[in-house]
Amino acid sequence: MFSSRKMIKLFYDVASPYSWLAFEVLCRYRNVWNVDLIVLKGFALTCVLNFGNKPPGLNPSKLIYMDSDLTLLSEYFGVPMFRPSSLSKDSLNAMRFVTAVAEREKERDALESVSIELWKRMWRTHQDITQPASLTEAGLKAGLSANEVEEFLTLSKSQPIKDKLKSVTREALEYKCFGLPFIVCHVNGKAEVFFGSDKFELMAYFIGEKWMGPYPNKPIATM
Ligand SMILES: N[C@@H](CCC(=O)N[C@@H](CS)C(=O)NCC(=O)O)C(=O)O
């Protein structure tokens with residue numbers, strides 16, 4: 001029945017470390033919360049930032065804060081990551097690759113593993129994500145075959161995939177997205193937006209589900 005429908009959409013970009021945290025958490029809660037679907041949507045962060053907002057790293061004080069914030073958050077969520085000192089943040093090719101995977105692989109496993117491999121490259125091992133060879137490496141590590149990777153790379157350069165990424169970006173901008181992770185929840189026909197990997201408690205309240213911390217499936221330790 002429509003009245004019990006709940007849907008969560010996550011807009012993310014692999015250039016955004018906070019998006020990685022939100023992505024991991026939503027994957028962990030997918031079968032815990034009574035939500036119809038958690039749609040993980042690839043999305044180009046630069047488009048939003050070009051729309052008038054600035055990434056926190058451009059403000060020197062925010063950059064210092066971001067380092068300690070990410071250290072604590074990655075410990076809390078169990079997702080090790082470290083800010084690269086110098087690495088291109090241009091994730092457009094990577095996000096087109098992710099979009100190609102999402103379009104072809106309707107079951108979400110490939111989308112999840114490819115996205116996570118790209119985040120790992122950028123935010124853990126500090127490797128490039130702009131070049132085709134880098135995307136190939138990430139795809140192979142995510143479990144795709146060499147043929148599949150080749151196919152997705154070709155697809156990622158096609159007009160329909162470029163248009164798809166643009167349309168997802170447009171969708172987020174229609175919700176007045178200004179940064180990532182950006183989460184849109186639909187409950188009983190009402191939509192509410194949340195910005196940040198630190199909004200899960202409030203989000204859970206809105207959707208009428210319980211926030212059980214970053215590890216919902218972890219058995220409670222007995223003394
Ligand atoms: N407090 C948020 C911070 C998220 C954040 O800083 N996201 C960056 C991209 S990685 C952004 O979009 N910033 C724009 C803004 O802060 O307005 C969280 O914990 O997730």
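The structure is a predicted model, in which local features need pLDDT of at least 70 and side-chain atom pairs count only at pLDDT 80 or more, while totals for chains, interfaces and linings use all residues. Residues are numbered from 1 along each chain as its sequence is written, and side-chain values use heavy atoms, with hydrogens and water left out.

View 1. The ligand is surrounded by 13 residues (a residue is near a molecule if one of its heavy atoms lies within 4 Å of it), and the closest are Asn-53, Gly-179, Leu-180, Ser-197 and Asp-198. By class, this shell holds seven nonpolar, five polar and one charged residues, where Ala, Val, Leu, Ile, Met, Phe, Trp, Tyr, Cys and Pro count as nonpolar, Asp, Glu, Lys and Arg as charged, and the others, Gly among them, as polar.

View 2. A nitrogen atom of the ligand lies 2.8 Å from a backbone N or O atom of Leu-180, and a polar backbone atom of Ser-197 is 2.6 Å from an oxygen atom of the ligand. The side chain of Asp-198 places an N or O atom 2.9 Å from a nitrogen atom of the ligand. Taken alone the ligand exposes 500 Å², of which the protein buries 85% (accessible areas by the Shrake-Rupley method with a 1.4 Å probe).

**View 3. The largest pocket.** The ligand takes up the space of the largest pocket, a pocket being an open set of points on a 1 Å grid over the protein atoms alone, where a 1.4 Å probe fits, with protein on both sides within 12 Å along at least five of seven lines, and lining residues having an atom within 4 Å of a point. The lining comprises 34 residues, of which Tyr-18, Pro-55, Pro-56, Gly-57 and Met-66 lie nearest the centre of the pocket. Helices α1 (17-29), α2 (45-49) and α3 (60-77) each supply at least two lining residues, and α3 gives the largest share, six residues (helices are DSSP runs, H or I, of at least four residues, and strands, E, of at least two).

**View 4. Two backbone features in loops.** The peptide bond from Leu-180 to Pro-181 is cis, with omega near 0 degrees, and Pro-181 is placed in the loop between α8 (159-174) and β3 (182-187). His-126, a residue other than glycine, has a positive phi near 55 degrees, and the loop that holds His-126 runs between α5 (109-123) and α6 (132-141).

Terms used: A polar contact is a pair of N or O atoms within 3.5 Å; within protein, one must be able to donate a hydrogen and the other to accept it, and residues adjacent in sequence count only if both atoms are side-chain atoms. A molecule sits in a cavity or pocket if more than half of its atoms lie within 2 Å of its grid points.
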